[in-house]
Amino acid sequence: GDIVYTEENAHDGAIWSLDLYPPSSGNTMSLVTGSADKLVKYWTLESQDDSQHPMVEHDRSLQMSDDVMCVRFSHSTDAEKRLLFVACLDSTIKVFFNDSLKFFLSLYGHKLPVLAFDSSSDDIILASGGADKSIKIWGLDFGDTHRTLYGHEDSITDLRFVKRTHYFFTCSKDKTVRYWDGDRFQQILLMRGHASEVNCLAVSSNGAFVLSGGMDRQVRVWERTKDIVFPNEERERELEEMFDKVDGARREENTADALMNAEKDGEEGLDADEEDNDQPQSAAAVKKSVLSVSSGDRIMEAVEMADKESKEIASYRKLQEERGGDDRRAPNPMLFGMEPPGYVLWILRSVKPVDLEQSLLVLPLNHVERLMHYLIINLKRHKGVELCAKASVFLIKAHQAQIVANRTMMTPLRELQNLVRKRTTGIRDTIGF
């Protein structure tokens with residue numbers, strides 16, 4: 001097509017992102033741009049005086065503290081509820097009200113800059129992906145992290161939700177397109193086909209097909225079929241491919257080392273293999289997998305499993321009391337035969353001390369309340385006093401405003417205060433100073 005209008009010097013730096021949004025009234029469209037000059041600018045599309053071709057006119061600006069990497073509007077049809085999402089170079093996502101540009105939320109958790117994000121059609125959740133290869137799902141009511149997902153092996157370049165669902169697609173520099181479930185927090189499909197980095201995505205209005213474009217100069221169309229997909233089987237297939245890739249790389253490395261040693265020592269390849277037998281043969285097994293979950297996710301899952309087990313124990317005891325039978329229940333193998341408070345404490349002990357505070361920081365408020373409940377039980381039983389005290393103090397500091405505002409937390413908070421003081425005093429007296 002022909003260029004009908006050019007806006008010179010729209011920004012003082014590179015423009016990294018652009019998004020269109022329908023106006024509240026009238027027939028004109030508006031857009032917003034984000035740039036490396038730390039500005040977010042609003043533009044109105046109007047007709048030129050001498051023709052029907054569109055032109056843009058600057059409306060207002062929003063000053064940010066760092067370079068703007070990505071901008072996106074929420075999907076609300078109500079102008080007063082529409083939100084503006086801005087990702088900055090400092091790895092945070094700022095959320096503003098679109099009409100007044102009043103600050104609403106700050107979402108932090110990514111370790112590298114966010115490159116793509118999108119909100120669901122009902123504006124309940126926001127999904128983001130960045131250069132740290134992770135996907136984070138945020139709640140737009142309080143800005144808490146629902147879950148962190150892993151799968152991509154390189155930076156995530158684009159992310160799009162399917163309309164009227166919580167399913168979304170992502171693409172990455174690892175040459176793949178992936179399909180995710182934002183409610184169950186799992187990957188549904190892995191789609192390969194591009195020969196190079198995948199840069200952008202577009203999803204049809206009904207989710208029947210997806211388009212992807214990459215550095216290989218291809219535009220691929222992925223069409224939804226009637227075939228049944230089993231996520232567990234897809235995950236097993238991906239794990240098998242990953243393990244085969246690791247085993248193949250290790251075989252090539254061992255073969256190359258053997259040949260180099262044989263050439264250097266003037267010996268046969270067999271002799272070099274015998275020398276290599278003294279070296280550890282399972283070094284790859286201790287390497288962290290890209291599919292492993294974070295410590296914060298393990299703590300959340302432990303709290304959820306402990307809550308479920310506690311409810312089942314209470315129901316079983318109530319039923320046995322009515323029948324007059326034995327209220328002792330067989331241990332749950334999913335909790336390794338431990339009671340719910342003991343299992344939560346075991347998971348906390350499995351987290352490295354240097355990562356404990358960062359893992360606790362990503363917990364949603366409802367999980368914080370339940371975790372404090374189990375910490376109180378463990379303190380009553382004199383179990384893990386130092387760890388429980390450390391975790392309790394940090395959770396109260398991190399969520400002080402929310403805990404104080406919640407009246408239901410006041411009684412457990414006083415009980416926790418007395419227990420921490422009593423147990424730590426007892427430890428001090430035991431040590432002698």
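Strands β6 (residues 83-88) and β7 (residues 92-97) run antiparallel to one another and pair over five bridges. Strands here, like helices, are DSSP runs counted from the N terminus (E, at least two residues, for strands; H or I, at least four, for helices), and two strands pair if DSSP finds at least two bridges between them. Across this pairing, valine 86 sits opposite lysine 94 of β7. The model is a predicted one, where local features need pLDDT of at least 70 and side-chain atom pairs count only at pLDDT 80 or more, while totals for chains, interfaces and linings use all residues. Residues are numbered from 1 along each chain as its sequence is written, and side-chain values use heavy atoms, with hydrogens and water left out.

The β6-β7 pair belongs to an open sheet of four strands, in the order β5-β6-β7-β8, with antiparallel pairing. At the edges are β5 (68-73) and β8 (103-108), each of which pairs on one side only. From one strand to the next, the twist averages 20 degrees; axes are lines fitted to C-alpha atoms, for helices over the stretch in contact, and angles run from 0 to 180 degrees between N-to-C directions.

Next come the nonpolar cores, meaning sets of buried Ala, Val, Leu, Ile, Met, Phe, Trp, Tyr and Cys residues joined through side-chain atoms within 4.5 Å. Buried stands for under 20% relative accessible area, exposed for over 50%, and partly exposed for anything in between (1.4 Å probe, protein chains only). The largest core has 35 residues, and Ile299, Leu348, Leu360, Leu371 and Met372 touch the most other members. Two or more residues each come from α3 (295-323), α4 (340-350), α5 (356-361), α6 (365-380), α7 (385-398) and α9 (410-431). Apart from this core lies another one, of 14 residues, including Tyr21, Cys88, Phe96 and Leu101.

Leaving aside residues up to four places away in sequence, methionine 372 touches Leu395, Ile396, Ile403, Met409, Leu413 and Leu416, a contact being heavy atoms within 4.5 Å. Helix α4 has Pro340, Pro341, Tyr343, Val344, Leu345, Ile347 and Leu348 as its buried residues. These pack against α3, α5, α6 and α7.

What about charged pairs? The whole structure holds 11 salt bridges, each a side-chain nitrogen of Lys or Arg within 4 Å of a carboxyl oxygen of Asp or Glu. One of them joins arginine 72 to aspartate 118 (3.7 Å, N to O). This pair ties together distant parts of the chain, 46 residues apart, with arginine 72 in β5 and aspartate 118 in β9 (residues 114-119). Both partners, arginine 72 and aspartate 118, are buried. Arginine 178 and aspartate 174 are linked too, with their closest N and O atoms 3.9 Å apart, and both of these residues are buried. For aspartate 181 and arginine 184 the corresponding distance is 3.1 Å. Here aspartate 181 counts as buried because its relative accessibility is 3%, whereas arginine 184 is exposed, at 57%.

Finally, the cysteines: with a disulfide taken as a pair of cysteine sulfur atoms within 2.5 Å, the count is zero. Cysteine 171 is buried, at 0% relative accessibility, and cysteine 70 is buried at 5%.
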